[in-house]
Amino acid sequence: MPADSFDGRTRELADGNQIPVLGLGVWQVPNGRECVNAVLWALELGYRHIDTAQAYGNEASVGEALRRSGIPREQVFITTKFQPSRRNAATEVEGSLKRLGVEYVDLYLVHWPAGGPTRAWPTMEQAHGLGYARSIGVSNFNVTELAEMMAGATVPPVVDQVNLSPFTYRRALIDESRARNVEVEAYSPLGTGRHLANGTVNRIASRTGRTPAQVLLRWCLQHDLVVLPKSTHRPRIEENAQIFEFVLSPDDMAELDSLDRTDGTGVALERKWWR
Ligand code: A2P
């Protein structure tokens, strides 16, 4: 794969910043060599978007890989997320910047609506105002939570990052977010690996001459979602980026859409891990 085959694929957020539509997710990748390697390989292979979080504990490795890659800071889109059981997002982002070894993150998200959807937003706005985060947004927010927090926001969120795949195709959440100019990002687009064995996905993969992972990721792209697959294996990281040179037919898309088990919900998560 030519290294530059997709690194220019971006979308404009509501605040005018550009976001690459494919990013490497590093949830559940331990801090250390495994994470450094995954990020380094992704950057070598043309990824220009890395998605980490304070709660993942691996920001330092993301930063190390970024430095070792030699790619100029401004060419890589870095997302981190506020651990919302902490008090102050503006204070916490300073720790992230130190661990990452950067002066700003491109996107800073409230990881989940702990303590209610509005609680973290004033200090998120502060982080933005101080220039520590170029864009700010949320993750795991429902339609109703989005509405409630946006009603009181001075700086509106530009992203909601949610668990999305054909099996969790939360149409109401996607539609409502778009109506509010909130870009939707898909995390766990492979169902943390579980969806790769599905019969329909495999049939479409055979039909199109692609892999099941590529079919699932391409489905996200064709629904205009920013997509964040995770892998720590170089061949898979490469495979997951080869999703720009084929198209799923309307029939393939309809078949994948019909796998939805959420009934088109506006709910971001079926089970909340916080109160
Ligand atoms: P690994 O990290 O060992 O490569 P999700 O992005 O939905 O969270 O899914 C991540 C899971 O899917 C991880 O277990 C990852 O394994 C696996 N995975 C990622 N890409 C591929 C791929 N192209 N083929 C097979 N498994 C993959």
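Me: Which helices and strands each supply at least two residues of the lining of the largest pocket?

Reply: The model is a predicted one. The largest pocket has a volume of about 1000 Å³. Its lining comprises 46 residues, with Trp27, Asn163, Ser188, Gly191 and Thr192 closest to the centre. The elements that each give at least two residues to this lining are β8 (159-163), α8 (212-222) and α9 (234-239).

Me: How many nonpolar, polar and charged residues does the lining of the largest pocket have?

Reply: A residue is assigned to its class by type, and Gly counts as polar. On that basis, the lining of the largest pocket has 10 charged, 16 nonpolar and 20 polar residues.

Me: Where does the ligand sit, and which residues come nearest to the ligand?

Reply: The ligand is located in the largest pocket. Its shell divides into three charged, five nonpolar and eight polar residues. Of the 16 residues around the ligand, those that come nearest are Leu190, Lys230, Ser231, His233 and Arg236.

Me: What is the distance from an oxygen atom of the ligand to a polar side-chain atom of Ser231?

Reply: Polar backbone atoms also lie by ligand oxygen atoms: one of Leu190 at 2.8 Å and one of Gly193 at 3.5 Å. For Ser231, a polar side-chain atom is placed from an oxygen atom of the ligand at a distance of 2.6 Å.

Me: What percentage of the ligand's accessible area does the protein cover?

Reply: On its own, the ligand has 570 Å² of accessible area.

Notes
Residues are numbered from 1 along each chain as its sequence is written. This is a predicted model: local features need pLDDT of at least 70, side-chain atom pairs count only at pLDDT 80 or more; totals for chains, interfaces and linings use all residues. Side-chain values use heavy atoms; hydrogens and water are left out. A residue is near a molecule or strand if one of its heavy atoms lies within 4 Å of it. A polar contact is a pair of N or O atoms within 3.5 Å; within protein, one must be able to donate a hydrogen and the other to accept it, and residues adjacent in sequence count only if both atoms are side-chain atoms. Accessible areas come from the Shrake-Rupley method with a 1.4 Å probe; for residues, only the protein chains shown count as cover. On a 1 Å grid over the protein atoms alone, a cavity is a set of points where a 1.4 Å probe fits but cannot get out, and a pocket is an open set with protein on both sides within 12 Å along at least five of seven lines; lining residues have an atom within 4 Å of a point. A molecule sits in a cavity or pocket if more than half of its atoms lie within 2 Å of its grid points. Grid points are joined across faces, edges and corners, and a volume is the space filled by probe spheres set on the points. Helices (H or I, at least four residues) and strands (E, at least two) are DSSP runs, numbered from the N terminus.
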